[in-house]
Protein chains: 2
Amino acid sequence: MAEPTEIKGVKGFKFASRAAGIKRSGKPDLTLIYSEVPARCAGVFTTNKVIAAPLVVSQPRVRSGLCQAVLVNSGNANACTGEQGLQDALRCSALTAQALGISEELVAVSSTGVIGAPLPMEKFERHLAGLATELAPNGALQSAEAIMTTDAFVKISGCRVDTPGYTLLGIAKGAGMIHPNMATMLGFVLTDALVEPALLEEALRSGVDKSFNSITVDRDTSTNDMVLLLANGQAGNAEITRGSEAGKVFTAQLQAVLLDLAKMIVRDGEGATKLVQIHVQGARDAADARKAAYSVATSSLVKTAFFGEDANWGRIIAAVGYSGADVDPNKVEIRFGEVPVVQAGISTGKDLEEQATAVLKTPEFTVTIDLHLGAGEADYYTSDLTYDYVRINGSYRS
Amino acid sequence: MAEPTEIKGVKGFKFASRAAGIKRSGKPDLTLIYSEVPARCAGVFTTNKVIAAPLVVSQPRVRSGLCQAVLVNSGNANACTGEQGLQDALRCSALTAQALGISEELVAVSSTGVIGAPLPMEKFERHLAGLATELAPNGALQSAEAIMTTDAFVKISGCRVDTPGYTLLGIAKGAGMIHPNMATMLGFVLTDALVEPALLEEALRSGVDKSFNSITVDRDTSTNDMVLLLANGQAGNAEITRGSEAGKVFTAQLQAVLLDLAKMIVRDGEGATKLVQIHVQGARDAADARKAAYSVATSSLVKTAFFGEDANWGRIIAAVGYSGADVDPNKVEIRFGEVPVVQAGISTGKDLEEQATAVLKTPEFTVTIDLHLGAGEADYYTSDLTYDYVRINGSYRS
């Protein structure tokens with residue numbers, strides 16, 4: 001994976017960011033991502049039935065397949081804001097289209113922050129025209145900063161594919177779902193590759209399933225979650241199509257960028273000190289593997305044991321047991337890193353458990369659960385549950 | 001509901017408890033509950049697919065409908081102990097039957113405590129004969145003590161029904177699922193009423209659904225959970241049958257005892273400082289109401305907000321949104337106590353939110369979520385997620 005500094009920009013994309021005063025902190029809170037030509041696009045949106053206004057506006061536009069500009073604000077989620085919220089989201093997109101001189105249908109809007117408060121429209125009215133004049137090709141890092149809420153660090157990842165020559169660049173935000181009342185996980189991936197629309201759709205969906213949809217800080221999905229992929233075709237490559245070798249490379253590279261961003265979100269999980277990969281194998285099928293991995297990755301008892309660096313396999317086996325996946329308790333095998341602590345459903349003894357404890361003391365490790373029933377596999381990435389999680393989420397909104 | 005001290009015993013039932021050294025602490029850890037005559041019985045058992053050995057032994061016996069003795073130990077769950085664990089559970093029941101001079105088929109065994117360690121059989125061999133000689137009618141409180149693991153207080157509840165004259169007495173243990181590696185929620189309810197077997201079964205199942213199955217400290221269900229109901233008919237009443245007025249009274253009283261015990265478990269939730277009733281109404285149907293209530297009651301973000309005494313309705317509405325229940329975001333109403341904070345999906349303003357914050361400062365309150373879609377209702381009881389939860393569950397097993 002390329003280092004953030006290595007990828008400075010993506011051909012044909014420009015960025016502009018400002019501190020518009022939507023956040024009380026005075027930090028950057030408004031960013032505009034613009035493609036010189038309309039880009040093909042695909043999107044994945046929250047499955048929450050309570051959907052924030054910007055998603056109501058953006059979702060059908062993204063589904064239509066073309067997008068030229070994305071306006072994102074932090075500090076206010078424009079969620080649970082009723083009819084006024086919808087009008088505000090539409091006004092944001094109108095202001096953006098006007099400032100850029102493009103069709104409103106080519107604008108996506110996205111918001112993250114406080115739920116239930118009206119969007120401070122005067123900030124948008126004041127800043128949007130100016131923002132459009134500041135667009136520059138090297139502003140991705142500033143965009144990544146401007147979408148942060150409780151994030152402790154900027155999340156940016158990218159890579160360069162030499163044959164055919166194109167670039168992928170992604171930014172994301174997220175650290176737990178809703179800090180006091182900050183919401184949302186957002187991801188925006190830009191590429192200058194020319195890609196068949198069906199491949200864009202398919203690659204994004206499978207990539208998100210194995211990254212953003214396979215992480216959990218808590219189990220909550222927000223009202224504002226969205227991941228967009230824009231491909232503007234400015235690299236000049238022959239169109240990358242589904243089923244081709246180049247298509248497989250594109251899919252794999254996109255997934256790598258998404259997973260890199262997703263892991264950053266787990267590492268930045270509110271109060272988290274550990275990144276743990278839960279790898280389930282030997283499940284009856286892939287769906288069972290996913291159920292089991294999800295159940296373990298979301299168990300508060302498992303997550304506090306990680307925090308306590310306690311090789312508590314009893315909690316893991318119990319979480320597998322109530323996951324709904326097929327389990328034969330007498331076949332279960334559990335490893336912390338490479339150290340087996342359970343074989344055929346019973347403990348391998350104190351010595352190995354002590355070795356496993358050493359694995360738990362590292363900041364990043366894998367727990368493998370082999371059900372020995374079939375070929376189903378799945379991975380989930382989770383964090384530990386810490387005092388700081390309670391502190392951050394238990395303190396008053398401010 | 002009767003105070004614990006009011007109900008001293010149940011006709012025909014005797015109790016004996018000892019500190020047998022299964023717990024390192026030297027506290028009571030073994031108890032025997034005995035009925036002078038075989039009692040009709042019903043049971044509800046864990047749905048976890050990893051089932052501890054004592055349940056493997058007891059479940060078919062309880063299903064056969066008669067039980068005369070229940071042996072319970074704390075300090076060791078006899079779970080994930082393989083074939084040896086099964087042999088040990090059978091040996092416990094054989095020792096009990098022998099000491100009491102009854103058929104082994106009339107003995108149920110139950111264990112709670114450390115997962116994955118072999119049962120220290122020498123303690124059972126040493127103490128069971130003596131335990132049987134110490135049976136006395138007034139030992140229910142000591143039995144309730146002997147089944148405790150991480151419980152901070154004894155859980156006992158009962159009531160006297162005057163017409164026809166009979167008594168219900170229940171004891172329970174549980175405080176979160178698995179403390180470091182202590183497992184399990186257990187409940188034992190005894191009555192001297194003569195009750196039709198089908199009613200026992202039905203009343204226990206519905207009572208458990210609305211009590212033990214409607215509480216959550218964390219979402220985890222253990223390998224050892226069980227609730228038993230024994231009715232020995234020694235009160236001399238005419239048989240209470242399904243559908244009769246007396247049957248309704250019995251069902252209601254049983255449910256009250258179970259709910260009382262279940263609420264004690266939530267209050268004793270590891271590190272909990274608040275007991276919160278999540279009441280969902282106006283759902284499309286009862287199943288939807290239950291989904292929504294469960295989702296809110298188990299959200300770590302909602303539970304930390306309760307700890308922070310933050311009227312964070314954004315988290316609640318988000319949890320309803322991803323619950324799978326039908327939701328029209330523009331109809332949702334949320335009240336903390338009697339204070340509406342959300343109406344028609346949007347905030348009712350700062351003043352009411354401040355009033356709601358006052359409700360959150362109390363140790364026990366109700367959050368009502370009205371979806372305004374139908375007649376479905378459900379209740380869940382939950383606790384807050386606190387620093388102490390992390391401390392208790394994050395510290396090493398000892």
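In this predicted model, helix 1 of chain A meets helix 2 of chain A through A:Ala53, A:Pro54, A:Val56, A:Val57 and A:Arg61 on the side of helix 1, and through A:Gly85, A:Leu86, A:Ala89, A:Leu90 and A:Ser93 on the side of helix 2. Sorted by class, this contact comprises seven nonpolar, two polar and one charged residues. Two packed helices are described by the angle between their axes and the distance between those axes. For helix 1 (residues 53-63) of chain A and helix 2 of chain A, the angle is about 50 degrees and the axes are 7 Å apart.

Chain B can be described in the corresponding terms. Helix 1 (residues 53-63) of chain B packs against helix 2 of chain B at an angle of about 50 degrees, with the axes 7 Å apart. These two helices of chain B are therefore oblique to each other, and they cross in a right-handed sense. Helix 1 of chain B contributes B:Ala53, B:Pro54, B:Val56, B:Val57 and B:Arg61 to the contact, while helix 2 of chain B contributes B:Gly85, B:Leu86, B:Ala89, B:Leu90 and B:Ser93. The contact of helix 1 with helix 2 in chain B contains seven nonpolar, two polar and one charged residues.

A further helix pair is found in chain A. The axes of helix 5 (residues 197-209) and helix 6 (residues 245-267) of chain A come within 9 Å and cross at roughly 40 degrees. Helix 5 and helix 6 of chain A are therefore oblique to each other, and their crossing is right-handed. From helix 5 of chain A the contact draws on A:Leu199, A:Leu200, A:Ala203, A:Leu204, A:Ser206, A:Gly207 and A:Val208; from helix 6 of chain A it draws on A:Gly247, A:Phe250, A:Thr251, A:Leu254, A:Gln255 and A:Leu258. Eight of the residues in this contact of helix 5 with helix 6 are nonpolar, five are polar and none is charged.

The backbone is the next topic. Most residues other than glycine have a negative phi, and most peptide bonds are trans. A:Cys80, which is not a glycine, has a positive phi of about 55 degrees. A:Cys80 is located in the loop between strand 3 (66-76) and helix 2 (82-100) of chain A. The peptide bond joining A:Thr163 and A:Pro164 is cis, with omega about -10 degrees, and A:Pro164 belongs to the loop between strand 5 (155-161) and strand 6 (166-173) of chain A. In chain B, a cis peptide bond runs from B:Thr163 to B:Pro164, with omega near -10 degrees. B:Pro164 is placed in the loop between strand 5 (155-161) and strand 6 (166-173) of chain B.

Rolling a probe the size of a water molecule over the atoms shows where empty space is left. The count comes to five cavities of 30 Å³ or more. The second largest cavity holds about 50 Å³ of space. Strand 3 (66-76), helix 2 (82-100) and strand 4 (107-114) of chain B are the elements that each give two or more residues to its lining. The residues lining the second largest cavity include B:Pro54, B:Ala89, B:Cys92 and B:Phe124. By class, the lining of the second largest cavity has eight nonpolar, four polar and no charged residues.

Definitions and conventions. Residues numbered from 1 in each chain as written. Chains lettered and ligands numbered in written order. Predicted model: local features only at pLDDT ≥ 70, side-chain atom pairs only at ≥ 80, totals over all residues. Heavy atoms only, no water. 1 Å grid on protein atoms, 1.4 Å probe; cavity = no way out; pocket = protein on both sides within 12 Å on 5 of 7 lines; lining within 4 Å. Points joined across faces, edges and corners; volume = space filled by probe spheres on them. Helix = DSSP H or I, 4+ residues; strand = E, 2+ residues; numbered from the N terminus. Nonpolar A, V, L, I, M, F, W, Y, C, P; charged D, E, K, R; others polar. Axes fitted to C-alpha atoms, helices over the stretch in contact; angles between N-to-C directions. Parallel < 35°, antiparallel > 145°, perpendicular 65-115°, else oblique. Left-handed = near helix turned anticlockwise from the far one by under 90°. Contact = heavy atoms within 4.5 Å.
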